[in-house]
Amino acid sequence: MFKSPTLGGFRGYSMLQNYFKTAWRNLMRGKSFSIINISGLAIGMAGAVIIILWLQNEVSFDKFHKNRDNLYEIYCLAHTDGKSVSFGYTSQPLGPALKQNYPEVAASSRFAETNNFLMTVGEKRLTGVDGGFVDNDFLQMFTFPLVGGRSDLTNIKSIVITEKLAKKLFGNEDALNKIIKLGQTDNFTVTGILKDVPQNSRFGFEYLLPWPYLKAVGDENNSWESNNVETFVQLKGGSDEAVFNNKIKLLTRQHSSIKDIWTHFAFPLNRWHLYNAVENTADFGGRSGGGRIDTVRLFGIIAAFILLIACINFMNLSTARSEKRAKEVGIRKVAGAGKGLLIRQFLIEAFLTAVIAGMAAMLIVQLSLPAFNNIVNTQLSVPYSNAYFWLAAGGFIIFTSLLAGSYPAFYLSSFKPVSILKGKFKKSQSAVSPRKVLVVLQFTFAIILIISTIVVRNQIRYAQSRDKGYSQNNLLAIGFSGDISKNYQLIKNELLSQGIATSVSKNMANIAHRGSNMWGFRWPGVSEDIAKDITIAISSTDAGLVKTAGLQLVAGRDIDIYTYPADSTAVLLNETAVKTMNLSSPVGQIIKEPYDSINWHIVGVVKDYVIGSPYEKVPPMVIEGPKKDWFNTMQVKFSNARTTEQNLAAAAQVFKKYNPAYPFDYQFVDEEYARNFDSEQRTKTLAGLFASLAILISCLGLFGLSAYVAESRIKEIGVRKVLGASSASIAKLLSVDFIKLVIISIVIATPVAWYAMDKWLQDYTYRISIGWTIFVMAGLLAIVIALATVSFQSIKASLANPVKSLRSE
C-alpha cells in the first residue's frame, strides 16, 4: 500500500518532538537530581574540554611550516660519565659543511640565540629582547608568515622583526625600511616584518640578524670542538633519513684531533616537541623515545577519566531512581512500547541533559581559561569561528550522552512489566552491583590524583629545603652589556667605596646556573680513555667569588688575581671534582684542559653547591681564573646596612654613570633559583586542580545517591526510630555503606598511585622516598570528604519526624 512520505516524515518529527517533551518533563519532575546530573556532567565536560584544547596545542607544535616533513635538527651524541648523552647544540662550522658536502641537503641554517643588544629607535630603548643570528636559508626553511617586506637577510645590516617588536619600537607607524640602532653604533634596516611567532613553536625570537654580523662583532667560533649553536637542515624530498645519518655520523671526527669525539644524527621536526627524550643508541646516533609525549598521554587519560567520572554520576543517579521509573516503564510496555522505543526515550533524556551540560560547560571553560593559561604558561582559546570546532563539539556531546546514557537506557528498558505492575519489582541488593563498582571507580581515580598531588608537593619541598651551598641573600647577578665589561673595575670600586656592596666578582654565569661543560680534563694519574668520559662543569672568576657568593672553603684559598697575579691560571675545585679526580692533596696540583696546554694550578677546594637543577646531583666542577677572560656576568653582594630599595637606587646611579646607554638590568639570584621549580609547581597545581575536579564530581554523585537512599528508606528509618533507634545510629546506618566503598577505593588506588609516582620520581636524582604516611593522609582526606558529603543527608534523614513517614501505614 502506498504510504505518503510527507505524512511519514511528519509522524517521525512528531514522535521526535514527543521524545523531547517527555524528556524535558522528566528532567523537571526531578529537579534536584537533574541539577546534580547537569552540574556533574558540565564540570566533567569543561575539565575534559580544557585538557583537549591543551592537548591540541601540544600536538600542533611547529606543524605550520610548509617544509615540516623535511626539516631536521642536527644532534650530537657523546659518551660520558659511563653513559650516552645527546644534545642539540653543535659547532658553528657544521651547518655550512652539511650544505656544501651532502647532496641530500637542500638548505641549512645555524641559529645562535642572543638577547644582549640594546635596541634604539629615537628615544625608545629596549634590552633583553630575544633574537637570533641565522643563515639566509632560515626563513626559506621555516615558513613563518610574513606581514610585509621580504624574508631576506643577505645584507649584513638587515634585520627581520616581528609585529610585536615593531609595535614596541615604532608604535602604529609602518616599521618597514625603518632604521634600528643595535648597540651604540650599528644601524640596521628593517627588511621584513613577520607575524608574531606562535606560542606553539620551539622558537621564541622577536628579531633575526644575518650570520655575517656575528662574525663582525667577534663572536664567530670556527672550532669543531665547541658546541654553541643549533643547526638545522632541510633534506630534499625522498631522502632516506637513516642513510643520511650514517653519512654524517663521523663528520666532526674528520675535523678534530680528539679521539672518540661526539657523533651526529638528524632529529626530525615532527618529533622535536613531543618526543624530546632522545633514546641514545650505539649505532648511528639516537632515536626519539619518550619525553613530553608521556605528559600528553597522561593528560589524555586524565581528561577521559574526568569525563568518565561525570558520566558515572549520571549512570548511578539514573539507575538509583529505577524504582520511581519502573511503573512508567511497565505502563509504557503494556501500552505497546517496545524495548527499542524505550531505549531511544532514555537516550534522548541523556542527550538533552548532555546538551544543557555542554552549554554550561562552555561557559565554565570560557571563565576558567585565563586562569588555566596562567598555570600552563600558554595562550589557549576556544576557536568559535572554526566550523570543525562546532562539529567536534556536537560529536563530543553525542559521545558523552551515549557514554552516560547507554547503561541506564538498557537497564531501565529491560524491566518486566508483569513484575512491576504486580508490585514485585525490587532493586538489586547484591554485595557487588554495577552502581557500587562505578562509585569505587570514581573515588579510585580521585584518590590517585590526591596521592600524586601530595607526592609532587613533597618532592618540591624536599628540593627547596636542600642545602644550596651558597648564600642567596642580597646576591645579584648583572649581565655584561655595553660598557660594563670595559668599566668593570671602576664600577666595582664605586659599589664598594659607597657601601652599596660588601663584595663583587665577575663570573662566566649566574652562580645559580651551570656555565659550561667540558670533557677530557687531565689530572695526575688519569688515563685519556677515562678522562674523555667524564663531564666537568666549568665556571670562572677574577677574585672574591667565595666571599661574594658565601661559598665554604674546604681547603686552600680563593682565587684573587689582584693579590696573586699568577692566579690568572688558578682554579678552584668542588668536593665532587676532588673525589672524581681522586686527589688526596689537591692544593698545588696541576690539571689541564683537553684543548690547550695551559697548566691550571689548584689553589683551593670549595664545598659542593647546587648548580642548575636542585633535583640533580652536584657535578664535578672547576672554577678557573681569568686567563681566558670567559666572563659575561658580575655577582654583587649588597650591604645589609641599607634597605634593598636604597641599594638598588644607588647601584642604578653607578651603572648609569659608567654604562649610560643601557638601562640597569639585574636579577636576584634567589628569584632566578626559584624558577627551577616552575615545572614541578605547575605539575603540582594541575594535579591538585584535577584531583579537586574529580573529588567535586564524585561528591556530587555521592550527594545525590545519599539523598536518594535516604528518601527510599524513609519508612524504614521511621520504623527504626519508633522502635527506639537513636539519630546517631541511623546516621551511621546510612553512611557506613558509602564509607566502605571509599575504603575499597583507597585499597585499589594505593598500589596504582605508588607505581605511577615511583616511576615519575625516577627522573630525579635527588628525590624523596614514598612513605606510608602519604597514603594514610590521602585515604583519611578521601574518607573525611565522603563522610562530609553523605552526612548531611544522613543527619537530615535521622532527624526527620517518623510520624510523617508512617502516617499512611
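Begin by selecting Tyr666, which is partly exposed, with a relative accessible area of 35%; buried means under 20% relative accessible area, exposed over 50%, and partly exposed in between (1.4 Å probe, protein chains only). The model is a predicted one, in which local features need pLDDT of at least 70 and side-chain atom pairs count only at pLDDT 80 or more, while totals for chains, interfaces and linings use all residues. Residues are numbered from 1 along each chain as its sequence is written, and side-chain values use heavy atoms, with hydrogens and water left out.

**Aromatic pairs**

Rings of Phe, Tyr and Trp (its six-membered ring) pair if their centres lie within 6.5 Å; planes under 30 degrees apart count as stacked, over 60 as edge-to-face and the rest as tilted. By this rule there are 40 aromatic pairs. Select Phe138 together with Phe142: the ring centres are 4.9 Å apart and the planes stand at 40°, so this pair is tilted. Phe138 is buried at 0% relative accessibility, and Phe142 is likewise buried at 0%.

Phe664 is buried, with a relative accessible area of 18%, whereas Tyr666 is partly exposed.

Next, select Phe64, Phe111, Phe138, Phe142, Phe144, Phe203, Phe205, Phe232 and Trp272, which ring pairs link into a cluster.

**Charges over rings**

A charge sits over a ring if NZ of Lys or CZ of Arg is within 6 Å of the ring centre and within 35 degrees of the ring normal. Select Arg271 and Tyr275: Arg271 lies over the face of Tyr275, at 3.9 Å from the ring centre. Then move to Arg557, whose charged end sits over the ring of Tyr564, 3.8 Å from its centre.

Helices (H or I, at least four residues) and strands (E, at least two) are DSSP runs, numbered from the N terminus. Select residues 263-268, which make up strand S13; six of its six residues are buried. Which residues point one way from S13, and which the other way? Thr263, Phe265 and Phe267 point one way, while His264, Ala266 and Pro268 point the other.

Two strands pair if DSSP finds at least two bridges between them. Within S13, Thr263 is the bridge partner of Leu77.

**The nonpolar cores**

A nonpolar core is a set of buried Ala, Val, Leu, Ile, Met, Phe, Trp, Tyr and Cys residues joined through side-chain atoms within 4.5 Å. Select Val455, Ile511, Leu551 and Phe690, the residues with the most contacts inside the largest core, which has 114 residues. Helix H13 (residues 434-464) gives the most to this core, with 16 residues. Apart from this core lies another of 24 residues, among them Phe117, Ile159, Leu165 and Ala166.

Centre the view on Leu551. Leaving aside its neighbours within four places in sequence, Leu551 is in contact (heavy atoms within 4.5 Å) with residues including Ile511, Leu545, Val606 and Tyr609.

Select Asn507, found in strand S17 (residues 501-507). Is Asn507 buried or exposed? It is buried, with a relative accessible area of 2%. A polar atom of the Asn507 side chain lies 3.2 Å from the backbone oxygen of Ser540. Setting aside neighbours within four places in sequence, the contacts of Asn507 include Ser540, Trp630 and Phe631.

Now display the open sheet, whose four strands follow the order S17-S25-S16-S26 with antiparallel pairing. S17 and strand S26 (667-668) are the edge strands, each pairing on one side only. Six bridges join S17 to strand S25 (residues 633-638), and Lys637 in S25 is the bridge partner of Ser503.

**Two loop asparagines**

Finish with Asn177, in the loop between helix H5 (163-170) and strand S9 (179-182). Asn177 has a positive phi of about 70° although it is not a glycine, and it is exposed, with a relative accessible area of 54%. Then select Asn582, in the loop between helix H17 (575-581) and strand S22 (590-591). Asn582 has a positive phi of about 55°, again without being a glycine, and is exposed at 68% relative accessibility.

Note on methods:
Polar contact = N/O pair within 3.5 Å; in protein donor to acceptor, adjacent residues only side chain to side chain.
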